[in-house]
Amino acid sequence: MEYSNILSKYAAAATVEQVAEQVAAARAAQAKNENVEVYKFCLSAVDLTTLTCNDSVESVTDFAKRTVTFGEKYPDIPNVASICVYPAFVETVGVAVDGTPMRITSVGGGFPASQTFLEVKMLEVAMAVENGADEVDIVLNVGKMLTGAYDEAANEVEMIRSEMDEDVVLKVILETGALKTPELIRRASLISMAAGADFIKTSTGKIDVAATPEAAVVMCQAIKDYYEATGRKVGFKAAGGVKSPQDAALYYTIVEQILGQEWLTTDLFRIGASSAANNLLSAIVGQTVSHF
């Protein structure tokens, strides 16, 4: 499919100055969202993540078991949305969370660089789903985006999407820190959604510049424009460098201001995090705790 033609149907991105104004407005408003109820929601939107070279069957099993026992210790606080791991550990998490409603997210498609054969990406995603992944996070081919090969980048997403059942959630990571400009971030957002993304996600957390409020503003505006043009709601996920309750509240506020309250559900808003979960929990209970 020629996805480049789709871009011509949409207005250009906001300028750097316009984006800065929207970020400033969100920062001015976020104080009202720095409260326990918002922190509880943000915790419930976390894809609790372990993506390190140290991961093992033993460490991931322990990680998953601690997550699913959260409700026993904190029955009045909603648990995280999912556990996010490398594809090889999807089955490990599945065993640990068996019999619970916990969702399993797998990164895939050559994460984090997306620099492998398309056939390998497709097979990896298919295997992750076969092993029990409910959601899959892939990386848009940044090299193709930077060189203007938008159709090729989007067609990769389309082909990977074809390896997944309709009920499996596909999140496409834009790696906005590498794309840099509002216009390129907007283009990546629009073609990813058109190619089948259920969520668009800021970052892998594996390069120097991860999630930024500026990128979030551009992405959320693209989601809004795409929804108005197609009627299809696509979610937003902030990931990489989201650590404090205040960080979470800022992204919550950006979504609230641009997309509205209807997007503030875990079906349409996620936070990819590790340390943020314990920090949100600490803010909720009013003392430093480390459960996750």
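**Notebook: helix H13 and strand S8**

I looked up what the buried residues of H13 pack against: helix H2 (16-29), helix H3 (36-44), helix H12 (213-230), strand S7 (235-239), strand S8 (269-273) and helix H14 (275-285). Helices (H or I, at least four residues) and strands (E, at least two) are DSSP runs, numbered from the N terminus. Buried means under 20% relative accessible area, exposed over 50%, partly exposed in between (1.4 Å probe, protein chains only). Contact means heavy atoms within 4.5 Å.

This is a predicted model: local features need pLDDT of at least 70, side-chain atom pairs count only at pLDDT 80 or more, and totals for chains, interfaces and linings use all residues. Residues are numbered from 1 along each chain as its sequence is written, and side-chain values use heavy atoms, without hydrogens and water.

I checked the cover of H13 and found 11 of its 14 residues buried; among them are Leu-250, Tyr-251 and Tyr-252. After H13 comes Gly-260, with a positive phi near 95 degrees.

Next I turned to strand S8, where Arg-270 is found. Arg-270 counts as buried because its relative accessibility is 5%. Its side chain makes a polar contact of 2.8 Å with that of Glu-135. A polar contact is a pair of N or O atoms within 3.5 Å; within protein, one must be able to donate a hydrogen and the other to accept it, and residues adjacent in sequence count only if both atoms are side-chain atoms.
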